[in-house]
Amino acid sequence: MYNPSSFAIKELNELQEQILATRLATVITHGEHGLQASHLPLLLRPDQGPNGTLYGHFARANPQWKELQNGAEALVIFAGADAYISPGFYPSKAEHGKVVPTWNYVAVHAYGSAEVFTEAERLLNLVSALTDRHEAGRDQPWKVADAPADYIDGMLKAIVGFALPIQRLEGKRKLSQNRSAADIAGVREGLAASPDAHDRALAHLMR
């Protein structure tokens, strides 16, 4: 991604925190059939490899997993908070008028080649871990074991898992760092007062 140094996220723990905070990632590959993209919940094992390893699964009917099996590099996008930035937020607008709209956002890109797997035990461990993560905090969390075993066995045959060691990782936190302190404060206050939850989430990151 285009990533000026003032916006770059350089600490591994911060990059991994954004990965963990993103509930649905975008997995992009380029292969025999051109560009393909899937939106998938992924599991990060931060201690596996220098940058961590991502785990997920495709529907077996989704041909994209075959690109991974054939060695295609994947780009995985973890999009964070984002917001439109109005020139009206800037005090400098009243001073000289030399302002234009922009967009503030946080995003992490992970790159790597994946191992594809179909073993039932590995798939069961993966879907169980994903389920436990997203059911956490519910009053009565559902577990894979709550469903009939023969039903789960059939569902596992309908998916293909993958493990993607992250070979390259880059992140961007564009939060008006290129503006004056007064303009940054104006953006933060403007977004915090917005009725839109996305705007307020971005304002929180600017504290």
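Me: How much space lies in the second largest pocket?
Reply: About 230 Å³. That volume is the space filled by probe spheres set on the grid points, which are joined across faces, edges and corners. This is a predicted model, where local features need pLDDT of at least 70 and side-chain atom pairs count only at pLDDT 80 or more, while totals for chains, interfaces and linings use all residues. Residues are numbered from 1 along each chain as its sequence is written, and side-chain values use heavy atoms, with hydrogens and water left out.

Me: What counts as a pocket here?
Reply: Picture a 1 Å grid over the protein atoms alone. A pocket is an open set of points with protein on both sides within 12 Å along at least five of seven lines. In a cavity, by contrast, a 1.4 Å probe fits but cannot get out. A lining residue has an atom within 4 Å of a point.

Me: OK, which residues line the second largest pocket?
Reply: Q18, A21, T22, R23, L24, A79, G80, A81, D82, A197, H198 and A201. The largest share, four residues, comes from β6. Helices (H or I, at least four residues) and strands (E, at least two) are DSSP runs, numbered from the N terminus.

Me: How does that lining split by class?
Reply: Six nonpolar, four polar and two charged. Ala, Val, Leu, Ile, Met, Phe, Trp, Tyr, Cys and Pro count as nonpolar, Asp, Glu, Lys and Arg as charged, and the others, Gly among them, as polar.

Me: And what volume does the largest pocket have?
Reply: About 260 Å³. It has 13 lining residues, and the closest to its centre are H57, V127, T131, W142 and V144. Helices α4 and α5 each give two or more residues to this lining. By class, the lining has ten nonpolar, three polar and no charged residues.

Me: New topic. How many salt bridges are there?
Reply: Five. The rule asks for a side-chain nitrogen of Lys or Arg within 4 Å of a carboxyl oxygen of Asp or Glu.

Me: Where do E14 and R173 sit?
Reply: E14 is in helix α1 (residues 12-21) and R173 is in strand β10 (residues 168-174), so the pair ties together parts 159 residues apart in sequence.

Me: Which residue does K143 pair with?
Reply: D132, with the closest N and O atoms 3.8 Å apart. K143 is in the loop between α4 (120-135) and α5 (149-156), and D132 is in helix α4, eleven residues apart. K143 is partly exposed at 43%, and D132 is partly exposed at 38%.

Me: What about E135?
Reply: E135 forms a salt bridge with R138, at 3.2 Å between the closest N and O atoms. E135 counts as buried at 18%, whereas R138 counts as exposed at 52%.

Me: Why do such side chains pair at all?
Reply: Side chains of opposite charge can pair when their charged atoms come close.

Me: Last one: what does the whole chain look like?
Reply: It has seven helices and ten strands. The C-alpha atoms fill a box of roughly 70 × 45 × 30 Å along the principal axes. Of its 207 residues, 41% count as buried.

Notes
Buried means under 20% relative accessible area, exposed over 50%, partly exposed in between (1.4 Å probe, protein chains only).
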